[in-house]
Amino acid sequence: MSLPLIPTLLLLFTLSSTATSHYSSSNFSPSSSAPSQSPTLSEWQPARATFYAASDPRDTVGGACGFGDLKMAGYGMATVGLSETLFERGQICGACFQLRCVDDLRWCIPGTSIIVTATNFCAPNYGFTPDGGGRCNPPNKHFVLPIDAFEKIAIWKAGNMPVQYRRIKCRKEGGIRFSIDGSNIFISVLITNVGGAGDVVAVKIKGSRTGWLPMGRNWGQNWHINADLRNQPLSFEVTSSDGVTLASYSVAPKNWNFGQTFEGKQFLS
């Protein structure tokens with residue numbers, strides 16, 4: 001059985017190592033500011049969707065958002081790669097979308113929809129025009145789904161399907177996860193399992209001997225800072241695209257090590 005051709009996804013492997021331990025924090029402080037331009041619930045908009053085969057290695061790697069093993073990170077197969085117009089240079093990573101098949105009675109499965117998390121980037125192919133094979137070229141809004149997800153809303157023979165999509169709030173089990181990697185004073189933190197808006201726009205870190213220190217986005221949802229925070233309990237402050245800020249205090253204990261994952265509190269869904 002041959003499968004339809006799909007756009008090429010840009011694959012990037014996570015910088016963070018596999019977690020060796022897991023902790024949970026009980027102290028947190030939520031706050032909010034004026035909402036940004038990224039809604040957590042939006043109107044239905046038109047787009048198109050294709051799929052990739054279940055045996056594809058993209059099933060188990062995190063792609064351009066850096067989430068690592070998607071099943072271990074809690075995302076499973078309910079994931080999606082986004083075209084350049086939707087990807088927002090990686091800021092959108094972790095956002096949740098609802099998709100439904102429309103306008104094709106032959107292939108759509110009536111009354112169905114799926115909810116997926118943005119975990120990857122569908123790179124443009126400028127050897128083709130947007131209407132002539134460059135499905136992920138601007139200004140196209142395109143979603144690339146695992147075949148298991150695609151077949152929940154349409155028959156696989158549909159190939160390049162018209163769909164409708166909207167942003168929705170993410171519902172996650174447990175708290176936000178902070179996977180710490182790096183060496184000496186270089187600290188890299190992968191942020192996963194984010195509820196609410198799902199996508200993170202700002203991160204701060206705090207040791208017991210420092211104030212709040214802003215971190216920079218490395219790529220996807222990997223954030224970094226150069227600071228000596230060894231032998232200090234670590235707190236994190238995360239701001240999502242809807243302007244809500246959540247602080248989790250003493251998430252990592254004083255004796256934290258690189259390669260560990262810690263769990264903080266969670267945004268309301």
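**Note on salt bridges and burial**

1. Arg167 and Asp199 are both buried, a term that stands for under 20% relative accessible area, with exposed meaning over 50% and partly exposed lying in between (1.4 Å probe, protein chains only). The model is a predicted one, in which local features need pLDDT of at least 70, side-chain atom pairs count only at pLDDT 80 or more, and totals for chains, interfaces and linings use all residues. Residues are numbered from 1 along each chain as its sequence is written, and side-chain values use heavy atoms, with hydrogens and water left out.

2. Three salt bridges are found in a search of the whole structure; the criterion is a side-chain nitrogen of Lys or Arg within 4 Å of a carboxyl oxygen of Asp or Glu.

3. One of them joins the side chains of Arg167 and Asp199, at 3.3 Å from N to O. Arg167 belongs to strand E9 (residues 161-168) and Asp199 to the loop between strands E11 (186-192) and E12 (200-206), so the pair ties together parts 32 residues apart in sequence. Strands (E, at least two residues) are DSSP runs, numbered from the N terminus.

4. Lys204 pairs with Glu237 in a salt bridge, with 4.0 Å between the closest N and O atoms. Because Lys204 lies in strand E12 and Glu237 in strand E16 (residues 234-240), this pair ties together parts that are 33 residues apart in sequence. Lys204 is partly exposed at 34% relative accessibility, whereas Glu237, at 18%, is buried.

5. Arg230 forms a salt bridge with Asp228, their closest N and O atoms being 3.0 Å apart. Arg230 is partly exposed, at 34% relative accessibility, and Asp228 is partly exposed at 42%.

Key: Helix = DSSP H or I, 4+ residues; strand = E, 2+ residues; numbered from the N terminus.
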